[in-house]
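Hello! Have it open beside you as you read.

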Amino acid sequence: MGKNYADLHDPNAEYTMRELSAETMGVTAKRGGGRDVEITDVQTTMVDGNFPWTLVRIYTDAGIVGTGEAYWGAGVPELIERMKPFIVGENPLDIDRLYEHLVQKMSGEGSVEGVTVTAIAGIEIALHDLAGKILEVPAYQLLGGKYRDEVRVYCDCHTEEEADPQACADEAERVVEELGYDALKFDLDVPSGFEKDRANRHLRPGEIRHKAEIVEAVTERVKDRADVAFDCHWTFSGGSAKRLAAAIEDYDVWWLEDPVPPENLEVQEEVTKSTLTPITVGENRYRVTELRRLIQNQAVDIVAPDMPKVGGMRETRKIADVANQYYVPVAMHNVSSPVATMASAHVGTAIPNSLAVEYHSYELGWWEDLVEETVIEDGYIEIPEKPGLGLTLDMDAVEEHMVDGESLFDEE
């Protein structure tokens with residue numbers, strides 16, 4: 001990067017009264033047992049996968065390194081570099097305080113939502129890996145312990161003939177029979193040939209019939225061998241979403257995802273309450289405060305936070321706790337590398353209402369090469385008992401697939 005974002009001056013330091021650094025808070029007591037550890041550096045490397053994944057590493061004076069991942073997107077590495085001075089010298093075991101410290105320090109730069117939250121989440125995940133290694137416990141133990149030994153994975157499926165119902169059904173059967181998944185998702189915001197205007201969000205009758213044909217073909221093909229969800233990517237108007245949800249009520253739909261844009265909670269609530277088709281929402285909301293409103297208004301049947309986007313592992317745990325009060329399951333959206341995928345699985349094992357974690361890279365042959373361990377097997381992630389996330393980056397693979405112009409992490 002041409003600029004050193006870590007050297008930018010800190011305007012918040014001139015007026016904020018909620019400084020949560022260890023120095024300001026007076027957190028100076030000796031801890032013992034190898035727990036007196038300081039952060040010395042934070043580094044990022046962007047990997048060019050089917051999404052540009054931002055991997056994060058936090059270094060310490062004890063020689064222990066934690067690895068995390070932020071949700072993909074431009075500007076995230078720069079934001080992480082910007083925040084580095086706020087946590088260097090801190091004890092990485094104080095995950096909750098450091099998270100709130102970064103939220104406060106970055107409040108003027110958008111830590112309510114968006115890429116600033118995403119950048120903080122990447123640091124937070126690396127802190128969980130690091131703290132687990134220091135304490136010699138798996139990351140899930142830091143979140144309260146286990147509900148299950150393995151977490152179910154749903155496979156986001158694609159085909160070159162994405163608008164052909166039979167091609168989708170063929171791919172569904174292949175993924176079930178050959179790849180071993182018993183949970184799938186297909187896109188419904190695909191061309192039908194009946195479109196008149198791409199901007200007005202309205203679905204014509206022929207479009208709804210076409211989408212219902214995809215749903216029918218896929219669900220009838222796999223029947224009870226797999227649960228199948230369908231994604232709309234925030235594409236349709238409220239009225240069209242209600243008509244689409246009604247048209248597929250007779251089929252075995254696991255859920256219909258993001259049928260309307262995320263900004264208007266009232267429209268979302270109306271769509272959800274209008275249909276027996278389960279509605280899933282959440283990947284484009286940030287932190288527990290935003291998702292709490294969805295859940296409390298019963299505007300969602302299944303909540304789908306994207307863990308490295310929504311705010312990290314503890315924030316996702318908080319969302320799950322709210323959802324559990326309303327008997328709402330959690331199906332984590334996930335388009336990440338093996339790092340954040342495994343971190344999501346650690347959250348999934350620690351919450352009672354975990355439904356599944358998404359896998360969005362089954363067409364990318366080298367996805368699992370980024371780490372030395374096996375991540376997904378027969379449609380499930382077995383939670384490692386090794387300290388931290390339980391993963392080891394393969395630095396050769398990371399270097400091979402880095403975005404042009406990126407630099408590899410320092411050695412541990």
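This is a predicted model: local features need pLDDT of at least 70, side-chain atom pairs count only at pLDDT 80 or more; totals for chains, interfaces and linings use all residues.

1. On overall dimensions, the radius of gyration is 22 Å, which agrees with the value near 22 Å for a compact globule of 412 residues. Along the principal axes, the C-alpha atoms fill a box of roughly 65 × 45 × 45 Å.

2. Next, the secondary structure and the contacts. The protein has 14 helices and 12 strands. Of the contacts with a separation of 6 or more, 73% are between residues 24 or more positions apart.

3. As for burial, 58% of the 412 residues are buried. The accessible surface of the protein is about 17100 Å², and carbon and sulfur atoms account for 45% of that surface.

4. A search of the whole structure turns up eight aromatic pairs. One of them joins tyrosine 154 and tryptophan 255 in an edge-to-face arrangement, with 5.2 Å from centre to centre and 90 degrees between the planes. Why does this pair tie together parts that are 101 residues apart in sequence? Tyrosine 154 belongs to strand 4 (residues 150–156) whereas tryptophan 255 belongs to strand 7 (residues 255–257), so the pair links those two parts. Both tyrosine 154 and tryptophan 255 are buried.

5. There is also a ring cluster to look at: Phe51, Tyr71 and Trp72 are linked into it by ring pairs.

6. My last stop is leucine 143. This residue sits in the loop between helix 5 (139–142) and strand 4. Is leucine 143 buried or exposed? Its relative accessible area is 8%, and the cut-off for buried is under 20%, so leucine 143 counts as buried.

7. Which residues does leucine 143 touch, leaving aside those up to four places away in sequence? The partners are His128, Met313, Arg314, Arg317, His346, Val347 and Ala350. For a distance to go with that list, take isoleucine 351: the C-alpha atoms of leucine 143 and isoleucine 351 are 8.5 Å apart in space, while the two residues are 208 residues apart in sequence.

Notes: Residues are numbered from 1 along each chain as its sequence is written. Side-chain values use heavy atoms; hydrogens and water are left out. Helices (H or I, at least four residues) and strands (E, at least two) are DSSP runs, numbered from the N terminus. The radius of gyration is taken over C-alpha atoms; the globule rule is 2.2 Å times the number of residues to the power 0.38. Buried means under 20% relative accessible area, exposed over 50%, partly exposed in between (1.4 Å probe, protein chains only). Contact means heavy atoms within 4.5 Å. Accessible areas come from the Shrake-Rupley method with a 1.4 Å probe; for residues, only the protein chains shown count as cover. Rings of Phe, Tyr and Trp (its six-membered ring) pair if their centres lie within 6.5 Å; planes under 30 degrees apart count as stacked, over 60 as edge-to-face and the rest as tilted.
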